Each structure stands twice: as structure tokens, then as C-alpha cells.
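Visitor: Good morning. I am new to this entry and would like to go through it with you. Could you show it to me, please?

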Amino acid sequence: MELVAPQAPCLSQATLDALPPEVARPGYDRSALRIGIVHLGLGAFARAHLAAVNDAALRAGDLGGGSGHDWGICGVSLRQAGTRDALAPQDGLYALALSDADEHGAPRQRIAVIGCLLETLVAPEDPGAVLARIAAADTRIVSVTVTEKGYCHDPASGRLDFTHPDIVHDLATPDAPRSTIGFLVRGLERRRASGLGPITVMSLDNLHANGRLLGEMVLAFAARVDTGLADWIASGCTYPCSMVDRIVPRTTDANRQEIGQALGLNDAWPVLAEPYLEWVVEDRFAAGRPDWTAGGARFVQDAAPFESLKLRMVNGAHSALAYLSVMAGWKTVDEAMAQPGMARYLHELMRAEIEPTLPALPGLDVAQYRRRLLQRFANPALRHQTRQIAMDGSQKLPQRLLDTVRDRLASGSPITGLALAVAGWLHFLRGVDQAGRRYEIQDPMAAALAARHAQAERAAREAGDGPAAMLAWAGEMMGAQAVFGDLGRDPRFLRAVAEAVQSLRSLGVAGTLAAAYSPRPA
Ligand code: CS2
């Protein structure tokens with residue numbers, strides 16, 4: 001990785017005063033902070049969302065819920081050492097750059113150095129240290145961003161997958177778990193054994209009823225360990241659900257360069273994100289919480305309507321865009337948004353098919369939300385890779401697109417745009433784009449999906465030409481129970497997806513969008 005200038009000093013506690021005045025920095029006494037939050041999954045998202053909100057609240061000076069010094073963060077990487085290796089020499093400090101463009105397209109950026117990350121652990125190196133941190137007396141919240149697949153659940157049924165290798169391992173290896181669920185249960189087990197109280201376990205992932213799901217996985221695992229432990233967890237710990245929203249692309253070397261230049265210091269792992277941020281979280285905390293409202297969070301009784309809004313609109317549209325774009329060779333979200341037909345497709349998908357399924361949210365102007373979302377996608381500063389969003393489709397589609405399809409079918413409503421999005425994913429699974437370039441399918445179900453794809457191709461050949469062949473193909477692909485559940489057998493859905501795949505094959509992505517979503521001549 002290439003830094004600003006090898007001789008420039010690194011960002012650290014000792015160099016904070018060298019930052020230019022326009023860069024915000026922690027204005028609070030970091031040395032007085034204790035670790036009250038253990039965060040599992042220290043990726044760019046957590047660093048641009050939870051940590052940023054927590055930091056802003058610390059800067060605002062009053063975190064409520066007892067002492068303002070209780071809410072430092074220990075960040076845990078569950079797989080790789082890269083983040084720790086980058087941030088430990090920087091005393092946990094890193095820059096968060098919020099970037100977009102003004103109405104004339106001129107770039108805008110605000111940078112803040114985030115100070116509330118006090119410790120970074122790498123779970124595979126020292127699982128005992130992670131367990132000890134969860135079981136420490138000062139710990140009051142364990143938060144989680146491990147992406148959809150980190151829950152080790154079956155995406156269609158929502159049950160813990162007891163055949164998952166990490167779960168099998170963690171049931172047999174109490175002192176050295178690998179999975180998020182294993183760490184949580186074994187850490188809570190230690191708290192209970194040392195007479196400490198229950199705490200809050202908080203999911204910040206893009207899953208429907210994320211807190212409830214996480215709680216169910218924890219309890220299912222705990223029940224296999226010790227029913228007394230499961231009872232203790234069930235009666236004392238809480239699992240608030242939340243809706244989280246901020247687009248945070250993977251950091252590139254170009255970001256490192258540019259942000260380092262703005263800092264005048266080398267930052268080995270800054271984070272770039274959009275300025276927009278939403279965090280709506282249920283106010284159910286077992287052992288106190290910071291007042292994150294100062295950092296932009298909202299506490300509510302029930303996050304479910306906000307989750308549906310966000311998962312179906314933001315993530316549903318993102319996934320719809322991503323698969324079609326990878327096939328068409330459009331590398332970034334803003335590039336895709338500039339293609340004729342794409343913005344119109346997403347607009348219509350949301351307006352005509354997704355929005356009618358959303359629960360009522362008093363005060364929400366959904367048309368404005370949609371317009372804003374399309375502007376966020378068009379943000380030229382992010383260079384958000386469509387391949388990144390296209391990862392892990394088997395884990396994402398159920399809550400992003402298929403729940404919406406279910407609601408539409410139940411009310412007998414058209415699903416043309418949704419079917420095109422799902423067809424985009426299935427078509428993408430062939431692993432080669434329209435220009436013949438191969439790409440890897442990054443998905444925990446990749447092997448099973450590849451086998452299914454080969455079978456679908458055979459089924460289509462055997463069915464001959466035309467609509468029958470595409471129906472046979474779609475039937476095979478949508479037989480993936482873990483993703484589709486029973487929905488893959490619905491004849492209306494099958495037909496709509498088969499037609500969309502047929503169009504993608506014969507007209508290509510741009511041709512399909514142009515045929516269905518180009519502006520009508522005046
Ligand atoms: C994206 C999300 O990568 C993806 O699948 O759809 O990470 C998205 O950027 C965030 O959920 C926005 O809040």
C-alpha cells in the first residue's frame with residue numbers, strides 16, 4: 001500500500017496537533033475513556049457509522065446514561081489482521097472523509113479524525129482476549145456488523161445452521177470460538193460465571209429484525225451449551241433492532257493518498273463515506289447506553305417500519321443495480337446511474353412496486369426519500385464498486401427483494417421490475433459478463449449455485465427453444481430453497497423471471513432497460 005509520502009509522519013495521538021484546522025479531531029480526553037462497547041466486525045461500515053456517531057456524541061460532551069467516560073470502543077476483526085495492523089500504530093485513530101459533489105458537480109469533502117476506538121483485537125490470533133473483553137465488568141454493549149453471512153443462519157428460514165462448520169467448531173471449542181454467535185455465547189457464559197450482569201447485544205447489519213434474529217441465533221446456540229445459560233441470556237440481555245444507513249465503499253489506495261494529503265499525515269486505513277447517515281435504533285438497552293442522538297441517531301420503540309423502508313428501497317435498489325451493472329460492465333454505482341434507463345428503472349421499481357408494500361411511516365415523504373436515494377447513488381465521489389454490492393446475493397436477496405415479491409404476489413400486483421432484479425442475479429451467476437469477461441462469484445453458496453446453474457443450462461437445452469427453455473431454466477435456479485423458500489415455485493414469479501432472463505439474454509442489459517424504461521416519445 002502506497003502512502004502519502006514515506007517521510008510524512010503518521011496519524012497518531014502524538015501528531016493530532018499537526019492536523020490542519022479544517023479537520024475535526026477528538027475534542028475529548030481519550031485517556032479518560034473506558035471501553036464500554038465491544039464491536040465485532042471492524043470493517044469500514046462500523047468505522048463510518050457506529051464509531052462516527054459515538055465519536056460525535058463524545059465530542060458533544062454529554063453521553064448521558066451515567067458517566068460520559070464509559071463509551072470507548074474495542075473493535076474486533078473476526079478474520080484478518082489488516083485493520084489492527086493499520087490502526088494500532090496510529091493509537092486507533094483514523095480519518096473519516098465524507099464526500100460528495102455540490103449541485104454543479106464540484107467535489108466536497110469534510111474530514112474528521114475519529115478517536116473513540118481504543119483497542120483493536122484480531123479474533124483468530126487471540127480469541128481469549130475477545131472473550132475476556134466481552135466478559136469485562138465495564139462492557140455494557142456488544143455490537144455487531146458481520147454482514148448477512150456472519151449470522152450462520154439459513155437465509156430463507158432464519159434458523160441457525162447447526163451444520164455450519166464454524167458453529168460445529170464453536171460448540172466443541174468453548175475457549176476459542178470462530179463465529180460471531182460462538183463469541184457472543186461464550187462471552188456471555190463467562191459474564192454469568194463471574195457474577196456480572198447481562199448486557200445489550202446489538203446488530204447493525206442489513207437484515208430484517210436484525211436484533212431479534214441475532215438474539216434467536218444466540219439463544220439457539222446457548223440452548224445447546226446449557227439451558228440455564230440460555231435462560232439467563234433470555235431473561236436479562238436485550239437485542240435492539242435497528243435500521244442503519246450510510247454508503248461506505250471499500251477504501252482504495254487512491255482514497256489513502258487523497259485523504260493523507262488533506263491530513264498532511266499518513267493514515268494507513270482511512271474510511272470514505274457519503275455524508276448521509278441514518279440510524280434508527282430501538283431503545284432497549286440492558287445496561288445503559290450513550291445518548292447517540294447528538295451523533296444523528298434516533299431512538300424508537302419499534303424499528304421494523306424503518307428497516308423495511310431501508311432494506312427494500314436502498315438495499316433492494318442497490319442489488320437490482322449491482323447485478324445488471326456487473327453483467328453490462330458498469331464498474332461503479334455512479335457510472336451505472338449515468339446509463340440511459342438505469343435511473344428510470346430504479347425510480348419505477350421503487351415507485352410502482354416497492355413503495356406500495358411499505359408500512360406507514362408518519363411524516364415520511366416517500367417520493368422525496370426516493371429522489372434523495374437516487375441522488376445518493378449518483379454521488380461521483382464514492383466510486384462504489386458494483387462488484388462489491390453484488391457479493392453474497394444468496395444472503396441478501398430474501399430481505400432486499402423476495403419479501404417485497406411475496407407481498408406483491410399476495411395482493412395480485414405486478415412484479416415486472418422486481419423480477420428483472422432477481423433475473424439480474426440469476427443471470428449474473430453464470431460468472432461471465434456480456435463482453436465475455438469472467439468474474440468470481442463471491443457467495444457462501446457459490447459452489448451450490450454453480451452446480452445449480454449447470455443443471456439449469458442442461459434443463460433449458462432439453463426443453464428446446466423459447467419460453468419453455470427459459471421456464472425450465474428459471475425453475476431450476478429458483479429451486480434453491482435456502483434463498484427462495486416456496487417462492488421459487490410460484491408460477492407468476494417463475495414466468496416473470498423467465499421472461500426477464502430471456503430479455504437479458506437476447507437484448508443485453510442496456511437493451512432490456514431501454515426497451516422497458518426509456519422515456520416515452522413526447
Ligand atoms: C450495499 C450496502 O454492499 C451492499 O450490499 O447495498 O452495503 C449499502 O451500501 C448500505 O446498506 C447503505 O446503508
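Visitor: Which residues do ring pairs link into a cluster with W279?
Guide: Ring pairs join W279 with F285, W292 and F299 in a cluster. Rings of Phe, Tyr and Trp (its six-membered ring) count as a pair if their centres lie within 6.5 Å; planes under 30 degrees apart are called stacked, over 60 edge-to-face, and the rest tilted. Please note that this is a predicted model, in which local features need pLDDT of at least 70 and side-chain atom pairs count only at pLDDT 80 or more, while totals for chains, interfaces and linings use all residues. Residues are numbered from 1 along each chain as its sequence is written, and side-chain values use heavy atoms, with hydrogens and water left out.

Visitor: How many aromatic pairs does the structure hold?
Guide: There are nine aromatic pairs in the structure. One of them is formed by Y345 and Y517, and this pair is tilted, with 5.0 Å from centre to centre and 55° between the planes.

Visitor: Where do Y345 and Y517 lie?
Guide: Y345 belongs to helix α12 (residues 342-354) and Y517 to helix α20 (residues 491-517), so their pair ties together parts that are 172 residues apart in sequence. Helices (H or I, at least four residues) and strands (E, at least two) are DSSP runs, numbered from the N terminus.

Visitor: Are Y345 and Y517 buried or exposed?
Guide: Y345 and Y517 are both buried. Buried means under 20% relative accessible area, exposed means over 50%, and partly exposed is in between, with a 1.4 Å probe and protein chains only.

Visitor: What lies over the face of Y94?
Guide: R47 does, at 4.6 Å from the centre of the ring. Likewise, the charged end of R505 is over the ring of W473, 5.1 Å from its centre. A charge sits over a ring if NZ of Lys or CZ of Arg is within 6 Å of the ring centre and within 35 degrees of the ring normal.

Visitor: Let us turn to the ligand. Which residues surround the ligand?
Guide: Those around the ligand include N206, D245, R246, I247, K310 and N315. H318, H384, I389, K396 and R400 are also among them. A residue is near a molecule or strand if one of its heavy atoms lies within 4 Å of it.

Visitor: Which polar side-chain atoms lie by an oxygen atom of the ligand, and at what distance?
Guide: One belongs to D245, at 2.6 Å from a ligand oxygen. For N315, a polar side-chain atom is 3.0 Å from an oxygen atom of the ligand. In the side chain of K396, an N or O atom is 2.8 Å from a ligand oxygen.

Visitor: Now to R370. Where is the place of R370?
Guide: R370 is in helix α13 (residues 366-377). R370 counts as buried because its relative accessibility is 7%.

Visitor: What is R370 in contact with?
Guide: Apart from neighbours within four places in sequence, R370 is in contact with M313, H347, M350, R351 and E355; contact means heavy atoms within 4.5 Å. The side chains of R370 and H347 are joined by a polar contact of 3.2 Å. A polar contact is a pair of N or O atoms within 3.5 Å; within protein, one must be able to donate a hydrogen and the other to accept it, and residues adjacent in sequence count only if both atoms are side-chain atoms.

Visitor: And T251, where is T251 found?
Guide: T251 is in the loop between β8 (242-245) and α9 (253-263), and T251 is buried, with a relative accessible area of 12%. Not counting residues up to four places away in sequence, T251 touches R256, W269, P270, V271 and L272. The T251 side chain reaches the backbone oxygen of P270 at 2.8 Å.

Visitor: One last topic: to how many disulfides does the count come?
Guide: The count is zero disulfides, a disulfide being a pair of cysteine sulfur atoms within 2.5 Å. C241 is in no disulfide, and the nearest cysteine sulfur, that of C237, is 15 Å away. C241 is buried at 7% relative accessibility, whereas C10 is partly exposed at 41%.
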